[in-house]
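The sequence and the structure are shown first.

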Amino acid sequence: MLKKKKNKNEIIENPSVSKGTGIVITVVMTLLAVAFLFPIFLVLMNSFKNKLYISDAPFALPNSETFAGMYNYVNGIQKTGLLAAAGRSAFITICSVIVIVLLTSMAAWWITRVTCKLSTVLYYLFVFAMIVPFQMVMFTLSKVTDFLHLGNMFGIIPVYLGFGAGLSLFMFCGFIKAIPISLEEAAMIDGCTPVQTYFKVIVPMLRPTMITVAILNAMWIWNDYLLPTLVLDSEKPTIPMAVQYLRGGYGSIDMGAMMAMLVLAILPIIVFYLTCQKYIIKGVAAGAVKG
Amino acid sequence: MQKTYKKYFALFVLPTLIAFTLFFIIPFIMGIVLSFCKFTTVTNAHWVGLANYVKAFSNKDFINALLFTVKFTVVSVITINVISFALAYGLTRGLKGTNIFRTVFFMPNLIGGIVLGYIWQLLINGVLAHFNVTITADPKYGFWGMVILTNWQLIGYMMIIYIAGIQNIPTELIEAAEIDGANKFQTLYKIIIPMTMPSVTICLFLTLTNCFKLFDQNLALTAGGPAKKTAMLAYDIYTTFYNRNGWEGVGQAKAVIFFIIVAAISLTQLYFTRRKEVEN
């Protein structure tokens, strides 16, 4: 008889507390959940209000006088070019993640399998990079990218590879160390070149770690504000840049457009989260345990 | 096999290494050197010794940012870890609907700092509007605004790690404690908390460094206002670089100090909590 394997990610429902305590916990959790969702709901509600009625009374529901329909969305998209920004954000995130996952896993394999002075030095250099805050290299990095003319959405991809290599490589190394080397030896005896061994033997086993690394990097790059601000042309912003530009100089913010843009910025993240929830939560937990 | 592998260095390692060298190692070394120089661009730098560091430490904004960051980090690390541990404990009691709660609590973590900042600016300014002030009226508001925002963002993340830690405890251990007559609190203090020490290490480490390095949220929520009183270290370094001509060297010196503090926190914290972990 085949038993359905219990998904380890799901929390098993088998109460270990009395009924009374259970009800108390559920009530407290429900209240907290409502409190957690409230800010997002508030932004959504205000995105349909006329901009004059947002700052002073954000908690008031829209009525016939304050309801603005889709005006804020149309106006905001025109003002910020958010759709184009979303395209750029998606392009940069997807390409960088693919490049990071492929190249750092390859480097991690070499560094783990070859024992020499060079591989040890490289390993510690990458680990060291993880504790360096971005502000440390902020100014000089932007000078390097200016010098190399990388201020566009293609040029920023190698920058993300270089700056994101530390954590990704560290996680891959941790996993590859646990793979028995005998598998690779068998593959070599069967006539595989290292490239074939890597793609046919290592990559299939690395898949769960690759998903983890991809999710962690995607979350970081999609939301990153400072690096693209310093590297990219300000005429061609990513989503976080476009949102920040709405604030502009010292003038007052168009709160209507701001609310609509916040909703549009959150929307893809929530859709992505609800569809890949299982992987995201697993990935984050695994990433933290290794990091 | 080693020998065969070694030949493939150029293919496997070189692409990553080139990017890493260009965008990390070179900027890092240049950053250290430039912190001892006066410059506006890289090419016109000249050596000034420790002058930038002296200026940084006698800069009121920097000291204020340092104190603000430390206070903020201490308060946030405690609240985030206590609340997220409590949530994780509550959500591992096997009650109905725990997966939905977990989904909801984790969600804010995926939203970027800039967007988070503006969401909370709306909410906090809405509350403060009843008193006819805004968030930048008093540094107090900015401080607690940042604490609440950071809690909202990081609680779900830490909760996931604590849940994984609690679920990894062998059930026999808890059953054995119950058979021996331990009550719920004794089980919690004598079994669950010591057994989740690895998760505590990770969560403390993550919250400490995340809080200390906060930038986007700071920029969007208060932009340092009023009068740079709520500027944190990362934001102060940024404004020194880009809003104050001739102070680039000081900005770089501040960045080096910032790096040394972050590295020191990470290493000590890791060293101390690793020792407390229970072997299993």
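## Fold of chain A

Along its sequence, chain A reads α-α-α-α-α-α-α-α-α-α-α-α. The model is a predicted one. In it, chain A has twelve helices and zero strands.

The radius of gyration of chain A is 24 Å, whereas a compact globule of 291 residues would have one near 19 Å. The C-alpha trace of chain A spans about 80 × 65 × 30 Å along its principal axes.

## Domains of chain A

Chain A is assigned two domains: domain 1 covers 19-69 and domain 2 covers 81-247. Between the C-alpha centres of domain 1 of chain A and domain 2 of chain A there are 38 Å.

## Packing of H10 and H11 in chain A

Two packed helices are described by the angle between their axes and the distance between the axes. For helix H10 (residues 239-247) of chain A and helix H11 (residues 255-275) of chain A, the axes come within 10 Å and cross at roughly 170 degrees. Angles over 145 degrees count as roughly antiparallel, and H10(A) and H11(A) are therefore roughly antiparallel to each other. Their crossing is left-handed.

On the H10(A) side, the contact is made by Ile239(A), Val243(A) and Leu246(A). H11(A) contributes Ala257(A), Met258(A), Met261(A), Leu262(A) and Ala265(A). By class, the contact of H10(A) with H11(A) has eight nonpolar residues, no polar residues and no charged residues.

## Contact between chains A and B

The interface brings 72 residues of chain A into contact with 78 residues of chain B. On the side of chain A that touches chain B, helix H1 (residues 19-46) of chain A gives the most, with eleven residues. That side of chain A consists of 53 nonpolar, 13 polar and six charged residues.

## Domains of chain B

In chain B, the domain assignment gives domain 1 as 2-51 and domain 2 as 53-276. The C-alpha centres of domain 1 of chain B and domain 2 of chain B are 31 Å apart. Eleven residues from domain 1 of chain B and ten residues from domain 2 of chain B take part in the contact between them.

Helix H3 (14-34) and strand S1 (37-38) of chain B each supply at least two residues of the side of domain 1 of chain B that touches domain 2 of chain B. H3(B) gives the most to that side, with three residues. By class, the side of domain 1 of chain B that touches domain 2 of chain B has seven nonpolar, three polar and one charged residues.

Note on methods: Residues are numbered from 1 along each chain as its sequence is written. Chains are lettered from A and ligands numbered from 1 in the order in which they are written. This is a predicted model: local features need pLDDT of at least 70, side-chain atom pairs count only at pLDDT 80 or more; totals for chains, interfaces and linings use all residues. Domain bounds come from an automatic or database domain assignment. Two residues are in contact if their C-beta atoms, placed from the backbone, lie within 7 Å. Helices (H or I, at least four residues) and strands (E, at least two) are DSSP runs, numbered from the N terminus. Ala, Val, Leu, Ile, Met, Phe, Trp, Tyr, Cys and Pro count as nonpolar, Asp, Glu, Lys and Arg as charged, and the others, Gly among them, as polar. Axes are lines fitted to C-alpha atoms, for helices over the stretch in contact, and angles run from 0 to 180 degrees between N-to-C directions. Angles under 35 degrees count as roughly parallel, over 145 as roughly antiparallel, 65 to 115 as roughly perpendicular and the rest as oblique. A crossing is left-handed if the near helix is turned anticlockwise from the far one by less than a right angle, and right-handed if clockwise. The radius of gyration is taken over C-alpha atoms; the globule rule is 2.2 Å times the number of residues to the power 0.38.
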